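Please open the model in your viewer and keep the selection panel at hand. The stops below say what to select next and what is there.

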Amino acid sequence: MSLTLGQPVPDFTATATGDTQLTLSALRGKQVVIYFYPKASTPGCTTEGGDFRDNKTAFDAADTVIIGVSRDGIRAQENFKAKQDFNFALISDKDETVCRLFDVIKLKKLYGKEHLGIERSTFLIDADGKLAREWRGVKVKGHVADVLEAAQALHAGE
């Protein structure tokens, strides 16, 4: 399935940190940033999550909720969140339901071997539940600043 800019994002419910079930439609009325990362507690994912954590106040001011997603189990997500002091929910998507909805499972190469994994990607959903922006094949450095700028512009009605 492929999401299209300007179209509604299909609703989903997923297991999240804090022993919760997170449902996308329950966040209607707020903008939502969903970012997908390959693996909890790895250097790039820790840096990216830290950048979102450190900019959460600015995202809050733009009425934007941050959600991180990976295929790690809920225990790994809870540990990652606690160790890094993340101030937003992390979704455990072991069955890849949310990953496949956003089409972020890609063939990757590691040490010459091919495997399916998460392509680092971020999506900005507007307050009406429509896909406003997407970033695929993300490079961590400077990425969160770009997402924040887009969230602020969307909130301002630009």
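This is a predicted model: local features need pLDDT of at least 70, side-chain atom pairs count only at pLDDT 80 or more; totals for chains, interfaces and linings use all residues.

Residues are numbered from 1 along each chain as its sequence is written, and side-chain values use heavy atoms, with hydrogens and water left out. The names of elements follow DSSP runs numbered from the N terminus, with helices (H or I) of at least four residues and strands (E) of at least two.

**Helix H5**

The expected span of a helix is taken as 1.5 Å times one less than its number of residues.

Within H5, colour His-143, Val-144, Val-147, Leu-148, Ala-150 and Ala-151, which are its buried residues. They cover an arc of only 165 degrees around the axis, and therefore lie on the same side of H5; the arc is that of the directions from the helix axis to the C-beta atoms. Buried here means under 20% relative accessible area, exposed means over 50%, and partly exposed lies in between, with a 1.4 Å probe and protein chains only.

Contact means heavy atoms within 4.5 Å.

**Where H1 meets H5**

Two packed helices are described by the angle between their axes and the distance between the axes. Show H1 and H5 together: they pack at an angle of about 35 degrees, with their axes 9 Å apart. The axes are lines fitted to C-alpha atoms, for helices over the stretch in contact, and angles run from 0 to 180 degrees between N-to-C directions.

At this meeting place, display Glu-48, Asp-51 and Phe-52 of H1, which meet His-143, Val-144 and Val-147 of H5. By class, this contact has three nonpolar, one polar and two charged residues, where Ala, Val, Leu, Ile, Met, Phe, Trp, Tyr, Cys and Pro count as nonpolar, Asp, Glu, Lys and Arg as charged, and the others, Gly among them, as polar.

Staying with H1, select Cys-45, Thr-46, Glu-48, Gly-49, Gly-50 and Phe-52, which are buried. The buried residues of H1 pack against E3, H2, E4, helix H3 (74-84), E8 and H5. The 12 residues of H1 should span 16 Å at 1.5 Å a residue, and this agrees with its end C-alpha atoms, which are 16 Å apart.

**Helix H3**

Move to H3, where Gln-77, Phe-80 and Gln-84 are buried. Their arc around the axis is only 65 degrees, which puts them on the same side of H3. On the other side of H3, look for Arg-75, Ala-82 and Lys-83, which are exposed. What covers the buried residues of H3 includes H1, E4 and strand E5 (89-92). Just after H3, Asp-85 takes a positive phi of about 55 degrees.

**Loops and a strand residue**

Thr-17 is buried, with a relative accessible area of 4%. The loop between E1 and E2 also holds Asp-19, which counts as exposed at 76% relative accessibility and has a positive phi of about 55 degrees although it is not a glycine.

Next select Val-140, in the loop between E9 and H5, which counts as buried at 15% relative accessibility. Beyond its neighbours within four places in sequence, Val-140 is in contact with Gly-44, Thr-47, Glu-48, Asp-51 and Arg-120.

End at Ser-121 in strand E8, which counts as buried at 0% relative accessibility. Leaving aside neighbours within four places in sequence, the contacts of Ser-121 include Ile-34, Tyr-35, Phe-36 and Trp-135.
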